[in-house]
Amino acid sequence: MNIEIFQTEEQLDRRAAEIIAEVVKTEDHPTLGLATGGTPVGTYKALIELHQQQKFTFKHVRTANLDEYVGLPKDHEQSYYYYMNEHLFKHIDLPLDQAHIPDGTASDLDAECRRYDDILASFGRIDVQILGIGHNGHIGFNEPADALQAGTHCVQLTDDTIQANARFFSSIDEVPKQAITVGVGPILKSKKILLLAKGESKADILHQALKGPITTQCPASLLQTHPNLYVLADEAAGRKLK
Ligand code: F6R
């Protein structure tokens, strides 16, 4: 496990973007596992800057996002489809048919999960998986539970997660209660994992995930078993790891 702690968010974002850019530049058919939420916004901004400065292309890249809310159409400002377009896709030369996000409006959600697993299987494995961490230790929307699922599945979001994500909606009632998430299988199979954490509110859970027992009650703790885990934290989130 490589733990790097940064004095500023900008430094963290730049380092994360450099790791991602390296994969894009050196792999023949790079596959990126993408996350949404507040944490990676700056990383995507730094990646766009690198793309513009260094003029490397995303034309040969394939991406798969971790999750999507059930019920939000693509043009909803809080859908992860909309987020990815705003924060990354519309600024780079990635062909959109190579960018994959679960469809939270599919009429048959189980079929949508199988379709998504087929896409992930066609990737073989993700070259670099970007992850944030929930206050309850979730990765993707794999919430704490007695057992975790390997494949893509529909999940009931916990009250914790609904509350944490309410900041993006005008009221908590508007936060979807369900999501589609990639399971822990493809995440743990990734060649490299980039776990990003920012802010004091992540200090306890980050410490628990990386230094505590490995348990499905803290899904991020499974990352301890990964041979190529990079943890990038700012001073506040990484406070307990020093
Ligand atoms: C988002 C995702 C979630 C977030 C996590 C942290 O695609 O999979 O696991 O990474 O909820 O969210 P933020 O970054 O908003 O604190």
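**Helix α3.** I looked up which residues of α3 (residues 80–87) are buried, in what is a predicted model. I found Tyr80, Tyr83 and Met84. Viewed down the axis of α3, the buried residues stay within an arc of 95°, so they line one face of the helix.

Next I asked what covers the buried residues of α3. The cover includes the strands β2 (31–34), β3 and β4 (67–69). The helices α2 (41–54) and α5 (159–165) are also part of the cover.

**Asn65.** I then turned to strand β3, which spans residues 62–65 and contains Asn65. Is Asn65 buried or exposed? Asn65 counts as buried because its relative accessibility is 0%, and the cut-off for buried is under 20%. I listed its contacts, leaving aside neighbours within four places in sequence. Among them are Leu34, Ala35 and Thr36, then Met84 and Phe89. The list also includes His100, Ile101, Pro102, Tyr116 and Val182. Met84 had already come up as one of the buried residues of α3.

**Cysteines.** How many disulfides are there? I counted 0 disulfides. Cys154 is in none, and the nearest cysteine sulfur, that of Cys113, is 5.0 Å away. Cys218 is buried, with a relative accessible area of 1%.

Terms used
Residues numbered from 1 in each chain as written. Predicted model: local features only at pLDDT ≥ 70, side-chain atom pairs only at ≥ 80, totals over all residues. Heavy atoms only, no water. Helix = DSSP H or I, 4+ residues; strand = E, 2+ residues; numbered from the N terminus. Buried < 20%, exposed > 50% of the residue type's maximum accessible area, 1.4 Å probe, protein only. Contact = heavy atoms within 4.5 Å. Arc of directions from axis to C-beta. Disulfide = S-S within 2.5 Å.
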